[in-house]
Amino acid sequence: MNNLADTVVVDPGFGGGDKQQQAGPAPQDASVVVPPPATKQSSALKKTSRYRSRSLSASSTDSFSSASYTGSSEDGDDVPPREKVQKNSKGSSDFCVRNIAAQHAFGRREIEIAEQEMPGIMALRKRAAEDKPLKDAKIVGCTHINAQTAVLIETLVELGASVRWAACNIYSTQNEVAAALAESGIPIFAWRGETEEDFWWCIDRCVNAENWQPNMILDDGGDATHLMLKKYPTMFKLVKGIVEESVTGVHRLYQLSKAGKLTVPAMNVNDSVTKTKFDNLYSCKESILDSLKRSTDVMFGGKQVVVCGYGDVGKGCAQALKGQGCIVYITEIDPICALQASMDGFRVVKLNEVIRNVDIVVTATGNKNVVVREHMDKMKSGCIVCNMGHSNTEIDVNGLRTPDLTWEKVRSQVDHIIWPEGKYIILLAEGRLVNLSCSSIPSFAVSITSATQALALIELFNAPPGRYKSDVYLLPKKMDEYVASLHLPTFDAHLTELSDEQAKYMGLNKAGPFKPNYYRY
């Protein structure tokens, strides 16, 4: 594995590239604090000499009707949030959002709707609110900010925590939800369309606050962990635990652990059964279709699609697209995943074998440079290219920012990249996570992940000294089963109970856990 300096995250305080786009040696000086000032012209536009934008028609604007990716999140306010002076109704200004006054009421309604479809995290909130298991916990959060994660954030507060929150993705924030959280008194620093410099500034405002020192981190991608480790190493050593939910962030934690730089215990919830199966598989199975349909209006029947990667995210995407009548190809490096894909009825190929003929390319590997300029030069005109992995490194977007290509903005998060001969490809969300940039994800699936994250925070925060060392741990199986049980009443599902004789025969506790840690679901 590479060390931390070789990971794809851009070091805080150093510009020159999109979030997580730039790899290479990161400076080792932890004292570096101030990034270069942002300019009004985005770095994306600087990197190409030709960029034109179509005006959005009423119909194209209407096709984006949900708050998570639309006009309500992009209110046309050109004043940068950092230049505004805003206060909530309680007089607090400890936040930075797009427009608190105009958007907080709408955001509150979005959160209330999400609560109805998130039975697990709401049940946990109700059961644990009186005990306050997170009393005195001071949590820095860096996740997507939408109605569903707002339910998690407010649950943590109900359980006694003090929180400060930033976004892990510059395009996925629901501005109205951020406004609602700010109005409720939660220090939140996020808005849709942040610059690179804004992104790190927001995380820094969460970590470095007056009369407030974090003792827990909830991360999605490892950026808050990275910033605190590099910029505030002394503060980082006082953290009681880290909870990480993404493949990318978990990979970085294991790199830190291997290099001996992880000085606090961390919980890998990404590989918990409830997160892997229900968020990665079932959630992506639905959100890939919604993302592609809303952003491009494509008809799936008969289309040729290549899905790069057949992990749980790739499995969900491939199965969903196949169910819509697509001809689906899979690329894989892992022979086990490749065999699974073959047994599931997919043809496993190398990307170069099909790239000239496919209509849609979906990346879901967690790697970098999976689709590069050489591949895109060979694509047919009108090919749709998108990413379902956490990082925006899978598609080499920088390879498209050359003087010979023209970028044409068609609608929010949709660009036509036009070649000199007139051929074009359709790039979604500039290679970032397409389901959270162009659509949303099912609240029920987020409820499962949120309950897992909350329990992991409770476990690490309340663990007696010595239970967890400075290493990366999986969520205890008993907690995984508890998260699942919180969601069963929604389906009126009734579990069969073991008799004493059956439990003794199997060598199990009647209350679980029912499977060993090595069991593969």
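Colleague: How many aromatic pairs does the structure hold?
Modeller: Seven. Rings of Phe, Tyr and Trp (its six-membered ring) pair if their centres lie within 6.5 Å; planes under 30 degrees apart count as stacked, over 60 as edge-to-face and the rest as tilted. The model is predicted, so side-chain atom pairs count only at pLDDT 80 or more, and local features need at least 70. Residues are numbered from 1 along each chain, and side-chain values use heavy atoms, without hydrogens and water.

Colleague: What about F189 and W201, which kind of pair is that?
Modeller: Edge-to-face, because the planes are at 80 degrees, with the ring centres 6.2 Å apart. The pair links distant parts of the chain, 12 residues apart: F189 is in strand β4 (residues 188-189) and W201 in helix α7 (residues 196-207). Helices (H or I, at least four residues) and strands (E, at least two) are DSSP runs, numbered from the N terminus.

Colleague: Is F189 buried or exposed?
Modeller: Buried, at 0% relative accessible area, while W201 is partly exposed at 22%. Buried means under 20%, exposed over 50%, partly exposed in between (1.4 Å probe, protein chains only).

Colleague: And where do F278 and Y282 lie?
Modeller: Both are in helix α11 (residues 273-296), four residues apart, about one turn of the helix.

Colleague: New topic: which ring does the charged end of K423 sit over?
Modeller: The ring of W419, 4.2 Å from its centre. That needs NZ of Lys or CZ of Arg within 6 Å of the ring centre and within 35 degrees of the ring normal.
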